[in-house]
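Visitor: I am new to this structure and would like to learn how to read it. May we begin with the terms and then turn to the cases?

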Amino acid sequence: MSTEFPSPPPEPTERELTFEDILRWQAMSRMVERSLDEQGRAEGEAVSAPACSGDGSCGCASGTPDALQPQSLGAALLEKPMGRRHALGTLVGTLLAGTQAMGACTSVLPTGEKDRERLLLEFQERLKANFRVMTDQDKEDTIRRMERLAQLKRGIHLNMTGESAQEGVIFGYAFNVSKCKGYRECVAGCIKENNQDRRTGIQFIRIFEMEGGEVDFEDGTAEYQHEVPREDHFYLGTQCFQCTNPPCVEVCPVAATWQEPDGIVVIDYDWCIGCRYCIAACPYWARRFNWAEPEVPTDQINPDQHYLGNRLRRKGCVEKCTFCIQRTRKGRHPACMEACPTGARVFGNLLDPDSEIRWIIENKKVFRLKEDLGTEPRFWYFVD
Amino acid sequence: MKAVLTRRAGLCAVGACAGLFLVGLAACAPEGHHEALPDLEHEAEAGGHGAEIDAQPLEGEAEEVHGPAASSFVVEGLLGDVLTMPVQGFTGPGGKPFKVAMRSPEIGHYPCTSCHIRPIGTKSVVLAQMHVQRPEAAAAMHIDCYACHDPGNPLGLRLDCAECHAREGLRDLMPSSSAHLTIRLGHPSGHYRNCFTCHAPENPGLLALQDGNLVTLDEAYRKCAECHFMQAESWAGGGHGKRLAGWQSERVILSCTGCHNPHSPKFPVRRPVTFPKIARRGVER
């Protein structure tokens, strides 16, 4: 390795790691990658010689890659069929973990063991793939990393999962307009359950107060402050309806949002680039953007999290209601339904003919919002 | 746009036809299909509701087993320490039995003497005081001290209020307006506004149905349903009321009195618990 590396930071001290540090390491890793490419090309010619079959049977580097040797490490990485991201992640991870692979790097490493571990995990997190193309092992790895990071940064134990949809389940929701009294208990429950930013006050649910007689959002307001229920008024809650034809999914330029087999439209928060096309496309204003770094007090964090659900978001990504995917995939009710004191909310499996939601759709007068758009929401309103 | 339409049509078809499909499958399925056996056995083992499964009609079983959906998987342990009891007289969607959460652990059981036996000086009215308040009435009904006190041992009491109060003439002696001042009776309306429209005169801890049967406060839905039959039907189906645990658990819902105060069932007027911080203005608001 004759490549020259960018100058390391001046002194390895206990100071807080900055973004410049990350940039420096990224620059370094790019150079490592380039040199590996060159080396790989050179070695590729050698490997292509008939003497070595490449499966390690001949005793060459591929059999027992020695991580202490940069050449063999690079060779091992290149011989495995892995993506560029994975290779880079493994390589830099190995370096940062302190294998002393390169003398030049050692001075860059932070002195604290925990800082080093955190940096390594954060770096690996930056290089992970879209959730949909991850293997089960990848999912497991990133969830373990996030749990460890939460422990390092906040000192809390998370219980995060990435469990997939159950067979034969499509979720549906029904909202009893004549039962809702406008107490907004569901909103409070949602904020707590979904680790929503307490400072800017992102809320997935809005309860509209409207005058009796007709559903008119022009005259209705979600910003009422008085005592409820008000005489001659009714209350109608909106949130993400998990449309069957979600326009938000169609417009995403990076495929960071998609519909799961159980009908829930989810977002890979780490893949979202924050373009907010989806917010513009949603006819129901169901999506929210994190304009600032979300703040949740450590003692109020809900540790039961799902990768596509209520895990802590970052600044610059879009979030939305997921029917509490972390709860409903475990057979529980969404938090809004559990919090509702009047029983105005009903949740269930649309494919189960004996479910309450199916009974409501079949026996009550139901309607959905903006049905003429063809979005086919899975959220029905009904009256007694 | 073509793709969108196609997909929409496809999903619509799935959603709309799922029920018909299931029914069709159930109708076509040969009886005693071999695949049915292991599933049913598994269900019976799982939660100890073998009895309920036996009670279901055969078509219901066939639907459950052969449907493309409806995993028979039941999530348990979400109820916490809520006690439940099976509902009588109503069936849920698909004719399935369900349960209600019991309220007796929460409200306790209040026999008359739990309040009225306290010594003089406490707030509640003492039993003896009540009986001497209208001595002429007591005399008319041939009630003397020995109605309760044991002649041999005056401290030993026989406290079976119902023994006397079930008698026809004594029903009126139980005041409904002046007693139990903490209860503000706002329901039912009109001349039905009387404790004994619902409570049994001989034992106010029980509810008296129109057919003369007495039921516990846990089964209040049976009393409520006598007037509110429309709501009761909706409640049994799932359109009214609140379900506990989870969507994949055994169906346990709150009884009428789990949400409504039976003495004034209307929900209170109060301030909302939270407020929207991000206002949305413009055409759609």
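Guide: A residue is called buried when its relative accessible area is under 20%, exposed when that area is over 50%, and partly exposed in between, with a 1.4 Å probe and protein chains only. By this rule Phe323(A) is buried, with a relative accessible area of 1%. The model is predicted, so local features need pLDDT of at least 70 and side-chain atom pairs count only at pLDDT 80 or more, while totals for chains, interfaces and linings use all residues. Residues are numbered from 1 along each chain as its sequence is written, chains are lettered from A and ligands numbered from 1 in the order in which they are written, and side-chain values use heavy atoms, with hydrogens and water left out.

Visitor: Which peptide bonds are cis?

Guide: One of them runs from Val228(A) to Pro229(A), with omega near -5 degrees. Pro229(A) is placed in the loop between β3 and β4 of chain A. Another joins His187(B) and Pro188(B), where omega is about -5 degrees; Pro188(B) lies in the loop between α9 (161-165) and β3 (199-200) of chain B.

Visitor: How many residues of strand β3 of chain A are buried?

Guide: Five of the six residues of this strand (residues 206-211) are buried, so β3(A) is largely enclosed by the rest of the structure. Two strands pair if DSSP finds at least two bridges between them. Here six bridges join β3(A) to strand β4 (residues 233-238) of chain A, and the two run antiparallel. Within β4(A), Tyr235(A) stands opposite Glu209(A).

Visitor: What do the buried residues of helix α7 of chain A pack against?

Guide: Contact means heavy atoms within 4.5 Å. The buried residues of α7(A) pack against β3, α10 (325-328), α11 (335-339) and β10 (345-349) of chain A. Among the buried residues of this helix (residues 185-193) are Cys186(A), Val187(A) and Ile191(A). Just after α7(A), Asn195(A) takes a positive phi of about 50 degrees.

Visitor: How are two packed helices described?

Guide: The description uses the angle between their axes and the distance between the axes. Axes are lines fitted to C-alpha atoms, for helices over the stretch in contact, and angles run from 0 to 180 degrees between N-to-C directions. In chain B, the axes of α10 (residues 220-227) and α11 (residues 229-237) come within 6 Å and cross at roughly 130 degrees. Angles under 35 degrees count as roughly parallel, over 145 as roughly antiparallel, 65 to 115 as roughly perpendicular and the rest as oblique. The helices α10(B) and α11(B) are therefore oblique to each other.

Visitor: Which residues meet there?

Guide: Tyr221(B), Ala225(B), Glu226(B) and Cys227(B) in α10(B) meet Phe229(B), Ala232(B) and Trp235(B) in α11(B).

Notes: Helices (H or I, at least four residues) and strands (E, at least two) are DSSP runs, numbered from the N terminus.
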